[in-house]
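Look through the structure below.

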Amino acid sequence: MRLKLIKQGTTYDFFSRWKIWLGISALLVILGFVSFAIQGLNFGIDFRGGTTIRTESTQAVDIGVYRDAMTPLELGDISITEVFDPTFDDDQNVAMVRIQAQDGQEAVTPETILAVEAALQASVPDIKFVSVESVGPKVSGELIQTAALAVILAIGAVLIYIWLRFEWQFALGAVAALVHDVILTIGVFSELQIKFDLAIIAALLTIVGYSLNDTVVVFDRVRENLRKYKKRPLNEVLNISINETLSRTLMTSVTTLLALISLYVLGGDVIRGFVFAMIWGVIVGTYSSVFVASTILLWLGVKRNWDKPDANAGNQYANIDA
């Protein structure tokens with residue numbers, strides 16, 4: 001017996017309440033902007049600056065032991081990661097301890113570094129401190145600019161790609177969905193004050209790719225059905241296309257979410273922020289592919305005379321009903 005999330009031949013009308021869906025999206029986008037303006041983001045060490053201590057010991061790295069040793073120092077954001085390298089010896093266990101810069105300081109003070117080393121030494125007697133490096137606010141500011149530029153360029157590349165592959169109406173619909181997903185993800189991180197670091201930027205770019213993949217699948221079917229059903233109104237063609245791809249869309253999203261939820265529960269503190277961003281991104285990306293990108297396409301209309309271009313006929317557009 002095959003598992004089916006959606007039965008075949010569905011006829012859901014996704015555009016009967018299109019104003020409600022766009023209204024919800026617009027409200028969430030506004031809330032995201034307001035939260036960002038009032039609270040800002042809880043930047044991690046990558047964007048705020050701080051100090052990285054590289055440690056080495058013969059004992060296996062236990063991140064929980066390291067974190068418990070430093071908790072009484074109340075240093076704020078602390079990131080501990082184990083370093084794996086095939087060139088390391090069997091008894092060579094390396095970790096990176098990253099401590100955020102304290103308020104009003106460009107880097108962690110020497111006294112704080114000594115306190116951290118003493119706390120770790122008490123828990124892991126044979127630990128050695130190989131190197132200490134600091135990241136100042138100037139470098140952190142450059143990272144913020146570079147990260148923002150990466151997201152903007154990714155969305156710009158998507159605009160050009162969809163424009164060349166389909167039509168400009170499809171491109172605007174896809175980009176509107178991507179911007180919607182990015183803004184909502186940044187908004188939820190601002191509202192919940194979850195740590196925002198370079199891993200979250202990687203998640204944002206992954207979300208852009210995931211959402212785009214969903215949108216292109218729907219748009220491909222729309223283009224096929226526009227040629228197949230030349231006399232039907234655009235909203236009917238879009239409904240047919242979304243219903244035909246709905247099973248694939250939901251199955252992909254659910255299986256992805258199962259893996260991500262497992263990682264969120266079992267993956268530990270280090271990747272929890274990244275996984276949360278991915279879970280949220282999959283949900284809003286699936287939603288935007290159906291209710292944002294397609295609705296924008298319906299609102300803009302699309303020409304229906306691809307197979308028989310006629311210079312005198314002009315473009316035929318099917319616009320959304322009021």
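Contact here means heavy atoms within 4.5 Å. The model is a predicted one.

Start with N239. This residue is found in helix α8. N239 counts as buried because its relative accessibility is 11%, and buried means under 20%. What is N239 in contact with, leaving aside its neighbours within four places in sequence? The partners are Y12, D13, F14 and F15.

Now turn to the nonpolar cores. The largest has 57 residues. Within this core, I162, F170, F189, F196 and F219 touch the most other members. Helices α5 (137-165), α6 (168-192), α7 (198-228), α8 (234-266) and α9 (272-300) each supply at least two of its residues. Helix α9 gives the most, with 14 residues.

Go back to F189, one of the residues that touch the most other members of the largest core. Not counting residues up to four places away in sequence, F189 touches L41, I194, K195, F196, I200, G273, F276 and A277. F196 is on that list, and F196 is also among the residues with the most touches to other core members.

In soluble globular proteins, nonpolar side chains tend to be buried together. Some nonpolar residues here form a surface patch instead. I20, I24, L27, L28 and L31 make a nonpolar patch of about 430 Å². Take I24 from this group. Its place is in helix α1 (residues 18-38). Is I24 buried or partly exposed? I24 counts as partly exposed, because its relative accessibility is 37%.

Key:
Residues numbered from 1 in each chain as written. Predicted model: local features only at pLDDT ≥ 70, side-chain atom pairs only at ≥ 80, totals over all residues. Heavy atoms only, no water. Patch = residues over 30% accessible without salt bridge, like charges linked within 9 Å, V, L, I, M, F, W, Y side chains within 5 Å. Areas by Shrake-Rupley, 256 points an atom, 1.4 Å probe, with all protein chains shown as cover. Salt bridge = Lys/Arg side-chain N within 4 Å of Asp/Glu carboxyl O. Helix = DSSP H or I, 4+ residues; strand = E, 2+ residues; numbered from the N terminus. Buried < 20%, exposed > 50% of the residue type's maximum accessible area, 1.4 Å probe, protein only. Core = buried A, V, L, I, M, F, W, Y, C linked by side-chain atoms within 4.5 Å.
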